[in-house]
Amino acid sequence: MLPIRGTLDGESVAVYASVLAPGDVDHPSISTTVHLFQEWVPKAHEVRLTAVAGQLFAAEIHADSTAAHVDWRSDYDSLTYRVCDPPDAVASGVLSMLDELALPYGASTSSFPPPAIGRSLR
């Protein structure tokens with residue numbers, strides 16, 4: 001396991017999401033800052049939705065490496081992208097939230113499960 005902190009060999013580095021084993025939560029670096037732990041959910045791809053001045057731009061992000069499948073930001077060279085349209089309910093919800101908060105910009109990433117799993121989650 002790599003250190004959870006934002007340094008590696010004394011150098012500042014980006015910290016990407018990683019899969020932890022139950023014993024990893026006892027690692028000393030866990031106590032140095034706040035963490036968000038989430039259950040792993042299988043995913044087929046992710047969608048990055050960006051809103052700018054009331055316009056929405058969405059793209060599927062497909063990872064072709066183990067590292068990018070966990071956190072797409074960790075291996076840009078393995079990624080492919082496809083333009084997509086967010087569902088109407090998502091689009092209106094995002095625009096409504098940004099309007100309510102008086103924010104001209106917002107971005108979010110959502111994971112989409114493989115088709116067989118997605119059907120069982122509905």
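Reader: Which residue follows helix 2 with a positive phi?

Author: Helix 2 is followed by a residue with phi near 55 degrees (helices are DSSP runs of H or I of at least four residues, strands runs of E of at least two, both numbered from the N terminus). This is a predicted model, in which local features need pLDDT of at least 70 and side-chain atom pairs count only at pLDDT 80 or more, while totals for chains, interfaces and linings use all residues. Residues are numbered from 1 along each chain as its sequence is written, and side-chain values use heavy atoms, with hydrogens and water left out. The residue in the loop between helix 2 and strand 6 is Ala102.

Reader: Is Ala102 buried or exposed?

Author: Buried means under 20% relative accessible area, exposed over 50%, and partly exposed in between, with a 1.4 Å probe and protein chains only. The relative accessible area of Ala102 is 66%, so Ala102 is exposed.

Reader: How far apart are the end C-alpha atoms of helix 2?

Author: The expected span of a helix is 1.5 Å times one less than its number of residues. Helix 2 has 13 residues and should therefore span 18 Å. The end C-alpha atoms agree with this, being apart by 18 Å.

Reader: Within what arc do the buried residues of helix 2 fall?

Author: The buried residues of helix 2 are Ala91, Val94 and Leu98, and what covers them includes strand 3, strand 4 and strand 6. The face turned away from this buried side carries the exposed residues Asp88, Ala89, Asp99 and Glu100. The arc is taken from the directions from the helix axis to the C-beta atoms. Seen down the axis, the buried residues line one face of helix 2, because they fall within an arc of 70 degrees.

Reader: Which element supplies the largest share of the lining of the second largest pocket?

Author: A pocket is an open set of points on a 1 Å grid over the protein atoms alone, with protein on both sides within 12 Å along at least five of seven lines; a cavity is a set where a 1.4 Å probe fits but cannot get out, and lining residues have an atom within 4 Å of a point. Of the 15 residues lining this pocket, Val47, Pro86, Pro87, Val90 and Phe112 lie nearest its centre. Strand 3, strand 4, helix 2 and strand 6 each supply at least two residues. The largest share, four residues, comes from strand 3.

Reader: Which element gives the largest share of the lining of the largest cavity?

Author: The lining residues are Lys43, Ala44, His45, Glu46, Ile61, His62, Ala63, Ala68, His69 and Trp72. Strand 3, strand 4 and helix 1 (66-70) give two or more residues each. The largest share, three residues, comes from strand 4.

Reader: How far is Ser111 from His45 in space, C-alpha to C-alpha?

Author: Ser111 is found in strand 6. Leaving aside neighbours within four places in sequence, Ser111 is in contact (heavy atoms within 4.5 Å) with Lys43, His45 and Glu46. Ser111 and His45 are 66 residues apart in sequence, and their C-alpha atoms are apart by 6.1 Å.
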